[in-house]
Amino acid sequence: MKDLSVYRNIGIFAHVDAGKTTTTERILKLTGKIHKTGEVHDGEATTDFMDQEQERGITIQSAATSCQWDNHTLNIIDTPGHVDFTIEVYRSLKVLDGGVGVFCGSGGVEPQSETNWRYANESEVARIIFVNKLDRVGADYFRVVKQVEDVLAANPLVMVLPIGIEDNFTGVVDLLTRKAWIWSDPNDPTSYEITDAPEDMQDLVEEWREKLIETAVEQDDDLLEQYLEGNEPSVEDIKKCVRKGTIALDFFPTYCGSAFKNKGVQNVLNAVVDFLPNPTEVKPQPEMDLDGKETGNFAEVSADKPLRALAFKIMDDRYGALTFTRIYSGVIKKGDSVLNTFTGKTERIGRIVEMHADSRQELETAQAGDIVALLGMKNTRTGHTLADPKNPATLEPMVFPDPVISIAISPKDKAGTEKMGVALNKMVQEDPSFQVATDEDSGETLIKGMGELHLDIKVDILRRTHNVDVEMGKPQVAYRETITRTIEDSYTHKKQSGGSGQYGKIDYKIEPAEKNVGYEFESKVTGGNVPREYWGAIEKAFQSCMVEGTLAGYPLLDVKFTLLDGGFHAVDSSALAFEIATKAAYRQSIPKAGVQLLEPIMKVDVFSPDDNVGDVIGDLNRRRGMIKSQDAGATGVRVKADAPLAEMFGYIGHLRTLTSGRGQFSMEFSHYSPCPANVAEEVIREAQERKAAK
């Protein structure tokens with residue numbers, strides 16, 4: 001059996017363009033996994049193997065690879081930074097034990113860094129921080145450290161100090177050993193020497209070293225006592241304390257360097273080995289029974305326990321569907337039959353492979369702690385649990401956000417219709433934040449996603465990977481409807497003409513629910529006027545109606561339905577009769593409840609050069625944006641705002657025009673808010689025209 005103490009399952013995550021993929025390339029070069037580093041800007045990075053990634057210079061899907069460092073096995077996942085692909089970060093963090101958060105030395109804590117950090121907090125993933133690009137103009141290590149404290153409310157534990165900055169950045173001082181690491185050749189990460197720290201940095205080194213030790217020894221009462229008595233702990237003892245505090249999420253060891261110039265990456269690798277947890281040191285996953293209730297048991301990381309594995313990503317390639325899987329306990333062998341607890345069916349493991357970006361290595365077996373890809377899984381989807389058929393249990397499933405934007409697409413020729421259907425089905429399986437639906441009014445195929453770039457990439461994949469040429473409609477906003485008034489009403493469904501009849505009477509109240517509740521049902525019926533066995537049918541019938549609102553046909557949100565009373569017939573009443581009564585009650589009462597149209601509001605984060613801030617703010621105001629804050633940085637100003645998605649289509653092109661190509665922005669869904677009357681009227685009119693055209 002493998003020694004799990006030498007395993008590290010880690011992810012590398014950051015804001016777009018902070019240097020994650022470049023950092024991963026340098027790690028692979030240093031660990032001997034690749035012999036020539038590929039650059040993102042040349043489209044040659046190992047983990048950016050999709051055509052779309054190489055052309056755009058961004059990471060779109062998380063890529064898994066494995067390498068060796070200091071006799072330890074590192075399973076690394078390089079994740080996307082762009083907000084439209086946050087789902088990839090979320091599901092990667094869900095199955096990892098540790099992470100490296102990469103921050104740009106000049107950009108600092110950027111919007112996507114905040115989202116990723118929040119996901120990592122929710123998944124309780126231990127992290128180290130790497131402040132990258134210290135060779136850039138405007139880089140400031142200490143400013144980024146302060147931002148981590150202020151913006152992320154985190155506790156960075158500074159482990160190294162930079163020697164020089166911007167063009168003069170040559171290396172780092174390791175605070176534990178007081179030794180300087182100086183890199184002489186920016187093209188060769190192995191050309192470095194370890195010397196004494198520069199004379200002019202001695203005071204700074206001692207100041208920060210004292211802070212480091214004071215924070216670390218708080219993890220051990222005996223060492224803290226000795227330290228307060230004037231006895232400095234050994235480097236090994238300090239490392240043990242740093243490891244303990246990192247795994248407990250009390251602080252985050254912080255390093256710096258320039259991955260592109262091959263400076264500082266070795267220190268990060270050493271920190272991964274020294275401070276991030278192995279699979280046995282993280283909290284085991286809680287087990288649930290097949291009804292989704294917690295059993296009180298945990299999936300202990302051990303090869304001797306029953307199999308518990310989580311499928312966290314499906315990827316289609318030329319050999320078939322790959323199911324990326326984290327094994328929490330037990331062993332999987334080639335040819336085994338495993339139970340998918342979601343479908344209730346067993347599946348046979350065809351092959352097991354260890355991935356290196358888009359190449360692979362065949363394995364006969366995999367065990368607790370491993371991240372592998374399985375071939376031959378026909379019905380397994382993202383978030384499904386694979387378990388021992390004789391001892392089934394399920395792990396906590398993943399929750400994915402709803403799409404906020406949709407586009408109608410159609411194949412350019414009849415022959416492409418079937419191909420498009422097959423291709424879309426594969427793409428939906430790969431990406432749970434991508435959905436496909438058919439517009440009932442027009443019969444068009446709608447693809448739904450997290451943003452314009454997300455859908456743009458999907459259409460590109462359809463064209464190039466699946467050879468389906470499609471035409472695109474205009475982007476559509478995912479509006480919602482809600483009610484503003486409380487209505488008490490009654491409805492009787494009666495059909496008693498010949499044969500067995502139908503009878504169901506309900507007295508009910510419909511009222512606005514709390515925000516983001518979705519749907520609430522309550523029964524206050526006493527005395528059996530509506531027998532309990534029909535309550536479920538009433539609840540489900542009303543919920544099924546909420547898929548289509550009465551104002552413009554958009555789904556209804558945040559409604560509470562209370563069953564007050566009713567009546568039934570001993571012979572003619574049935575679940576179906578009460579279901580029909582409830583659906584008619586919905587159509588009767590919802591239009592009277594002050595229906596209101598809601599629009600998705602996006603959290604917008606814009607970077608603008610100082611000279612263009614006024615123009616950018618003016619433009620956001622014209623787009624109905626509400627400015628939340630302005631933060632001046634070294635190279636420009638970050639403007640945070642809330643703005644309606646409907647006003648933000650094509651914004652990146654407009655922003656670049658305003659800022660002579662230097663502006664950047666990111667945007668993610670925040671909440672739903674009532675539409676202004678003029679906007680609501682236009683949306684309702686368009687919905688009515690679509691219905692009339694049908």
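Predicted model: local features only at pLDDT ≥ 70, side-chain atom pairs only at ≥ 80, totals over all residues.
**View 1. Helix H5 opens with a contact from Asp140.** H5 covers residues 141-152, twelve residues in total. From first C-alpha to last, H5 reaches 16 Å, close to the 16 Å expected at 1.5 Å a residue. Look for Tyr141, Val144, Val145, Val148 and Leu152, which are buried in H5. Seen down the axis of H5, these buried residues fall within an arc of 105 degrees, so they line one face of the helix.

**View 2. Ala153 follows H5 with a positive phi.** Step off the end of the helix and you land on Ala153, whose phi is near 55 degrees. Ala153 isn't a glycine, yet its phi is positive. Most residues other than glycine have a negative phi. Ala153 sits in the loop between H5 and strand E6 (156-158). With a relative accessible area of 68%, Ala153 counts as exposed.

**View 3. Glu124 is another non-glycine residue with a positive phi.** Its phi is about 55 degrees. To find Glu124, go to the loop that links helix H4 (111-122) and strand E5 (126-132). Glu124 is partly exposed, at a relative accessible area of 45%.

**View 4. Strands E26, E27, E25 and E28 make an open sheet.** The four strands come in the order E26-E27-E25-E28, and the pairing is antiparallel. Strand E26 (435-438) and strand E28 (470-477) are at the edges with a single partner strand each, so one side of each is left without a neighbour in the sheet. From one strand to the next, the twist averages 30 degrees. Zoom in on E26 and strand E27 (residues 445-449), and you'll find four bridges joining the antiparallel pair. Val436 has Ile447 of E27 as its bridge partner. Helix H10 (residues 416-430) packs on this sheet, touching strand E25 (405-411) as well as E26, E27 and E28. The direction of H10 makes about 145 degrees with that of E25.

**View 5. E9 pairs with E8 and with E10.** Strand E8 (residues 171-174) and strand E9 (residues 179-183) run antiparallel, joined by four bridges. Here Val173 stands opposite Ala180 of E9. The hairpin of E8 and E9 has four residues between the strands, and in it Arg178 takes a positive phi near 60 degrees. E9 also pairs with strand E10 (residues 192-196), again in the antiparallel sense, over five bridges. Ala180 turns up in this pairing too, standing opposite Thr195 in E10.

**View 6. E13, E12 and E24 form a three-stranded open sheet.** The order is E13-E12-E24, with antiparallel pairing. Strand E13 (294-299) and strand E24 (394-395) take the edges, each with a single partner strand, so one side of each is left without a neighbour in the sheet. Strand E12 (residues 285-288) pairs with E13 over three bridges, in the antiparallel sense. Check Met288, which stands opposite Glu294 in E13.

**View 7. Asp220 caps the N-terminal end of helix H7.** The helix covers residues 221-228. A side-chain oxygen of Asp220 lies 2.9 Å from the backbone nitrogen of Asp222. Now jump past the other end: just after H7, Gly230 takes a positive phi of about 100 degrees.

**View 8. Gly567 is buried in strand E33.** The strand covers residues 559-567. Gly567 has a relative accessible area of 14%, so it falls in the buried class, which is set at under 20%. Leaving aside neighbours within four places in sequence, Gly567 is in contact with Tyr503, Gly504, Lys505, Asn529, Val530 and Phe578. Take Asn529: it is 38 residues from Gly567 in sequence, but their C-alpha atoms are 4.9 Å apart in space.

Note on methods:
Residues numbered from 1 in each chain as written. Heavy atoms only, no water. Helix = DSSP H or I, 4+ residues; strand = E, 2+ residues; numbered from the N terminus. Expected span 1.5 Å × (residues − 1). Buried < 20%, exposed > 50% of the residue type's maximum accessible area, 1.4 Å probe, protein only. Arc of directions from axis to C-beta. Polar contact = N/O pair within 3.5 Å; in protein donor to acceptor, adjacent residues only side chain to side chain. Pairing = 2+ DSSP bridges. Axes fitted to C-alpha atoms, helices over the stretch in contact; angles between N-to-C directions. Contact = heavy atoms within 4.5 Å.
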